[in-house]
Amino acid sequence: MSFWRRREESLVVGAAGLALFLAAFLPLAWTFIEAAAADPPALRRGLAALKAARPWILLGRSLTLAAAATALALLLGVPLGLLLGKTEVWGRRLALALQALPMSLPPFLLGLGWFYLFGAQGFVGSEASRRILFSELGAVLVLGLAFAPVASSLTALGLWGVDAALEEAARVVAGPVRVAVRILLPAAWPAVALAALIVFTLAFSELGVPMFLRVEVYPAAVFARLGGMDFAIAEAGFLTIPLWLVAIVLLGIERSLFRRRSFAVAGLRGRSAAPLPLGRLRFPAAACCWLATLLLLAPILSLAARAGRGGGFSAANQWLWPSLANSLILGCAAASLLAVVGAVLGHAAARRRPGEKILDGLAALAFLAPAALLGVGLTAIWNRPPTRFIYGGPAILVLGFLARYSIVAIRSFAAVLAQFSRDLEDTAAAFGAGYLRRFLGIVLPANFRGLAAAWILAFVFCWRDLETAVLFYPAGWEPLTVKIFTLEANAPEAVVAALSVAQAAATALVLALGFLVWRRKAPW
Amino acid sequence: MVTPAIALEEVFLNYRDVPALAGLTLEVQPGEILALLGPSGSGKSSLVRLVLGLVAPARGAVRLQGEAVSREGRILKPPEERRLAVVFQDLALWPHLTVRGNLEFGLKAQGLPAAERNGRIGRMLGRLGLQGKERRFPGELSGGERQRVAIARAMVLEPRAVLLDEPLASLDASLKHEMLFVFRELLKERRLAALYVTHDLREAASLGDRIAVLERGRLVQTGSLEQLREAPGSEFVKALAGDLFWMGGSRA
Amino acid sequence: MKMRMAILLLSFGAGFWCVSGCDRGGPRVVVYTSVDQVFSEPIFRAFEKRSGIAVKAVFDTEEAKSTGVLNRLIAEGGNPQADVFWSGDPVRPLLLIQRGLVEAYAAPNARNIPAAFKSADGSWTGLAARARVLLANTRLVPADQMPRSIRDLADPRWRGQAAMARPLFGTTTMHVAALFSVWGEEKARAFLNDLKANQIRLAGSNGEVKRLVAAGEAAFGLTDTDDANEALREGAPVRVIYPDQEGLGALIVPTAAVLLKNGPNLENGKKLIDFLLSKEVEKALAESAAHMPLQPGVAVPPGVSAIDTLKAMPVDYARLAEQMERIQPWLREWAGL
């Protein structure tokens, strides 16, 4: 008995790690294994692809684009987060909640929204605005605005995490502006840096928007070798090597800057100081905030207007429901699996168990890797007669989501645990509770809200996913985002716009429900 | 010779690459309350975690009733098999469990039948004047009540020994006084060995049968309050003893 | 707390049971298609209603953002998941035939389809076809200067104002490959380089070419009949021109039905193909997508040309497949990816 009990932790963490390994590492490594084993010339072709100048030019362009989009997102998001999170702007909570909406759509759909606004025949479009939209600058603007809510919400969360006493002590000796700039922002800087990292990652790996706006980027070069007529998988594999390097550098930055407690910045404390008074600036500040919020919501409003103008909402009815149900079922199943794996591995990460760094790194790389590559690898690994029950049904998508988004669940639960007194767990150990009993009896229930938050976050990521699902969703299991994407080819614009709005509305509903569950006061 | 309940033999322990315990040897006899006194940063809490089995000694051994449970960098017995109980400074009451749930958790882990559990919990709650509070959550209790729940939770397990890691540090003077009395009475009537960690000589003196003084990871002196006062082994002891002068050296 | 954990575990289990189990039972057929979903899905629903067989579909867009259904069929070759592949063009099926992934099926309905648009042994059968057309914006292009040939795309008069889709995907690749086989390597490359020199605008897809032209962002462009028809339907100021009617002819792109080898529901796959090859489906596609029927005697709605009124480019679709694979690296370089 005690043999198994002593190994409970190794077994459970090992199982979660194995799941991650099977879902993420094996498929990603497969391209290289396949290329090396089956076809040595493919290796040479792959190397040749890397030796050319073109990929490196594209890489530089992609990095620049992502950096510019990040700068824009921070420039807009950080002041917005400060004003909405910490000052007495009217309706600040509502504005923050509204900003969550664009985050729930694949950026490609936001790009479509901007197109309906600023395309040459858009609502306020002209030839000049069209030219700006379909350029590098346009891509930076679309992506920067799409990801600005990440910066504003993380900044606000980081500010709420600042010790109220620290702020109040400063308020005694300094005015609100000085407190905000000299005390609050520096104290919340890890949150801002984290936002920068996330926005950069998302912008760098974005495929849909640059393709739509005809801006050439690196991920498109990889994709062209997988989606095109010739299936140059070895080349695609080799072309991802620079992406790995970028990913490893980002991971290194994150680890050295935050000692991997980065997601802990999103921690919520019980008490926060009263909002900073703005005095005469209150009205202009509120106006700016709401204007900025409106700007971030503009593509969704534009989609809604486009849908309304063409009678899209009634026409969308016949397309919407089955895929909405698919999205919901897949999202729930994947989020639940992610919550379980995230809880186990997040706990291991928070407790610095051996091997957790490797697993965390693997999860981070799978998040950054081109989804196309992951999809091809998953097909190759899992499409075999014995695993038909996985590949032939929605389980394969759940597995894909697990691979791609486990980092979200792991990090968010680890952050929750970072604020959870270790003594609570140690006491349970001293009182005779083994790993499973501690985990199920103390860690999970005492952090139920944190677990729920991790679930919701994982759900939103799966819900808005396009690039993973699109490549290997099983027949009949098309999620809504994919349906919008494939319908966009030839369906009337109004229908596509209406479906996009439905996607946003459904997210709002899910988030609101989740928030209600999450907010319900614990009985203790 | 009697086998000590807790014995540390030449223990070395590093905390974040800094030596926390350096060649420490210490014994707690059966039924004895040993007060471990030391300034903050002296390695007291490391010692508690070491005995619990949450960390392994770099060198040396930890024995419980003669059995080696940790030795030379290895934990031979994990915490959950050591049959110890602990009260931490923050009490670490599980916020999501009721008073009853808090007491029951360890008993269930031991696999006791329900009747036995209920009996023990009932007696313990009665003993500590906590009747009627079973269904409260820790957040709904007063500071004194929480202290009682924490000690009840430790004692109800009938452990081999109890570790108390500055459990009273955050209480006001009168409550502290009362709780010290409760602790001592409970420990003595069960003849339990206990290690009481504190930085307060007054607490150490009122509770401990013996006082062991820990400084920078080493034991500098062991003895009764009188012995400490008459021949202080270090500046720290001297200063503390001086402060205590007005107390007259008597036990509470 | 126990309750809560139980609920959590229960919902987790239920979710998984549902995900792995609720998909089973009942007759079904699995179809992968690169015919635009907006047109193909209603056809599948009609088949479901008619036959009682559930259609499980994977949709692809054949545009730049192709989801690579073809690659998926190849990757799944060892353990096929699909019964039928309904391709938006006749070239992809040939790539599958080359790899031995196709089961020949001489469908009864295929008899009346012209020989140019099907294989003799029944390994693919064409139906509802598109043509590659020029779409011009009537506000930007005067009626007397309408382009008449694809060569007009390289005409310096329209420098920077003509558009085509990036020829890495879909019918545009096919079109380029057809030019390579009809003209020969050298002439085709020269033409493409002329296009580049003429600053042709490379769109992400044929749909986008339509959007560019309809919106007046390009004067005219090369696209498919279904996209062109969409622009007409939206009331955009555009005109559709079948190119090279005095010369080479317009490229006709039939959609193609293919039965896959070792599919899980072979018989149901045959039934679906029979249905796809019916006049009823061709009529529906002519109405919804402006696809030209290949069966004789299907009435065409206004705006859709009948196949026998057109001059078609003489191409051997079987050879196009190899051609496409061969020129792909060069095209990628040409397109700068």
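Visitor: At what angle do helix 7 and helix 8 of chain C pack?
Guide: In this predicted model, helix 7 of chain C covers residues 206–214 and helix 8 of chain C covers residues 225–233. Their axes are 9 Å apart, and the packing angle is about 35°.

Visitor: How far apart are the C-alpha centres of the two domains of chain C?
Guide: Chain C is divided into domain 1, with residues 26–129 + 252–306, and domain 2, with residues 131–251 + 324–335. Across the boundary, 16 residues of domain 1 of chain C are in contact with 21 residues of domain 2 of chain C. On the side of domain 1 of chain C that touches domain 2 of chain C there are eight nonpolar, four polar and four charged residues. The C-alpha centres of these two domains lie apart by 26 Å.

Visitor: Which helix of chain A gives the largest share of the side of domain 1 that touches domain 2?
Guide: Chain A is divided into domain 1 (1–37 + 311–524) and domain 2 (39–160 + 188–284). In their contact, 34 residues of domain 1 of chain A meet 36 residues of domain 2 of chain A. The elements giving two or more residues to the domain 1 side include helix 1 (2–38), helix 20 (395–418) and helix 26 (493–519) of chain A. The largest share, seven residues, comes from helix 26 of chain A.

Visitor: How many of the 17 residues of helix 10 of chain A are buried?
Guide: Helix 10 of chain A covers residues 189–205, and at 1.5 Å a residue it should span 24 Å. Its end C-alpha atoms are 24 Å apart, which agrees. The helix is mostly covered, and the number of buried residues is 13.

Visitor: Is A:Pro210 buried or exposed?
Guide: A:Pro210 has its place in helix 11 (residues 208–212) of chain A. Beyond residues up to four places away in sequence, A:Pro210 touches A:Ala139, A:Val215, A:Val217 and A:Ala220. A residue with 20 or more other C-beta atoms within 10 Å counts as buried. A:Pro210 has 27 such atoms within 10 Å, so it is buried.

Visitor: Which residues of chain B does A:Ser421 touch?
Guide: A:Ser421 is found in the loop between helix 20 and helix 21 (422–430) of chain A. With 15 other C-beta atoms within 10 Å, A:Ser421 is partly exposed. Not counting residues up to four places away in sequence, A:Ser421 touches B:Asp90 and B:Ala92.

Methods: Residues are numbered from 1 along each chain as its sequence is written. Chains are lettered from A and ligands numbered from 1 in the order in which they are written. This is a predicted model: local features need pLDDT of at least 70, side-chain atom pairs count only at pLDDT 80 or more; totals for chains, interfaces and linings use all residues. Axes are lines fitted to C-alpha atoms, for helices over the stretch in contact, and angles run from 0 to 180 degrees between N-to-C directions. Helices (H or I, at least four residues) and strands (E, at least two) are DSSP runs, numbered from the N terminus. Domain bounds come from an automatic or database domain assignment. Two residues are in contact if their C-beta atoms, placed from the backbone, lie within 7 Å. Ala, Val, Leu, Ile, Met, Phe, Trp, Tyr, Cys and Pro count as nonpolar, Asp, Glu, Lys and Arg as charged, and the others, Gly among them, as polar. The expected span of a helix is 1.5 Å times one less than its number of residues. A residue is buried if 20 or more other C-beta atoms lie within 10 Å of its own, exposed if 12 or fewer, and partly exposed in between; C-beta atoms are placed from the backbone.
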